[in-house]
Structures are given as C-alpha cells and as structure tokens.
Amino acid sequence: MSPRHPCRVAVLRRLGAIAASLAATLGATPEVPAADAVPARADPLDPRAPTTAPAHRSPLQSYRRLPEVPPPEGARWREGNETVNRVGGWRAYAREAAAAAAAASAPAGDRP
C-alpha cells in the first residue's frame, strides 16, 4: 500500500475527524469538582463507622380487611348438602364415577 492509497487517505481523514470531535468534547466538559467537595463514604470494614438505622415498613401496614357479607337467605349450599346426604354421601358419587369409568373402558362387544 502506498502512502497515497485511497483507503489509507479515507482512514486518516476519518481518524482526524474523530480526533477533532474528541478534542472539542473534552474541551467543553465542565470542571471536575475537587476531592474535598465529594462526600466521603464510610469505610464498610470499619466497625465504628457511622450508619443509619434500618427502616422497616411492614407489607401488612396498608392491609384493609374486607367487610363480612352474610350469606343470602336460603343459600344454595344448604340445598346441595342436603341432596348429597339424601343420595348417600360422597360414596354414592364415587360409585357412579367408577361405574362410568368401567363402562367407558369395556370393549365395544361387551357394552349393552
């Protein structure tokens, strides 16, 4: 590559533009504050270093209890409980489910 190769000239021009931009940016930066102006942090390894008290806020602090709502008169759950007791309890429903499962798994020729 010769000193006047077009690629080398383009690279040098681009580097010159970058250097000029960097110089302008660095020249425009504000003055860095002195070390005395920066607040010193406490040494984390010093057991006598001043600390702030930890603040605790309970997540239940803003909890609001919902108002209790009485069940409506003649609630449907009573009727459901009475029906289950009249039929024979949970065992009756278990027998029905077992019979349905046995019928579904039986071969097609054995079905009525």
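The following legends describe close-up views of a predicted protein model.

Local features are reported at pLDDT of at least 70 and side-chain atom pairs at pLDDT 80 or more, while totals for chains, interfaces and linings use all residues. Residues are numbered from 1 along each chain as its sequence is written, and side-chain values use heavy atoms, with hydrogens and water left out.

**Figure 1. Overall fold and surface of the model.**
The protein contains three helices and zero strands, arranged along the sequence as α-α-α. Helices are DSSP runs of H or I with at least four residues, strands are runs of E with at least two, and both are numbered from the N terminus. Of the 112 residues, 4% count as buried; buried denotes under 20% relative accessible area, exposed over 50%, and partly exposed the range in between (1.4 Å probe, protein chains only). The accessible surface comes to about 11,100 Å², and carbon and sulfur atoms account for 61% of this area. Accessible areas come from the Shrake-Rupley method with a 1.4 Å probe, and for residues only the protein chains shown count as cover.

**Figure 2. Nonpolar surface patch including I18.**
I18 belongs to helix α1, residues 6–27. Together with V11, L12 and L15, I18 forms a nonpolar patch on the surface, with about 390 Å² of accessible area for the four residues together. Patches consist of residues with over 30% relative accessible area and no salt bridge; like charges are joined within 9 Å, and nonpolar side chains (Val, Leu, Ile, Met, Phe, Trp, Tyr) within 5 Å.

The side chains of R76 and E79 form a salt bridge with an N to O distance of 3.2 Å. The criterion is a side-chain nitrogen of Lys or Arg within 4 Å of a carboxyl oxygen of Asp or Glu, and by this rule the count is one salt bridge. Both residues lie in α2, three residues apart, or about one turn of the helix. R76 is exposed at 66% relative accessibility, whereas E79 is partly exposed at 40%.

The twelve residues of α2 span 17 Å from the first C-alpha to the last, close to the 16 Å expected at 1.5 Å a residue; the expected span is 1.5 Å times one less than the number of residues. V84 lies in this helix, residues 76–87, and is partly exposed, with a relative accessible area of 26%. Apart from neighbours within four places in sequence, V84 is in contact (heavy atoms within 4.5 Å) with G89, W90 and Y93. G88 follows α2 and has a positive phi, near 130°.

**Figure 3. S105 in helix α3.**
S105 is located in α3, residues 90–105, and is exposed at 59% relative accessible area. The S105 side chain reaches the backbone oxygen of A102 at 3.3 Å.

Note on methods: Polar contact = N/O pair within 3.5 Å; in protein donor to acceptor, adjacent residues only side chain to side chain.
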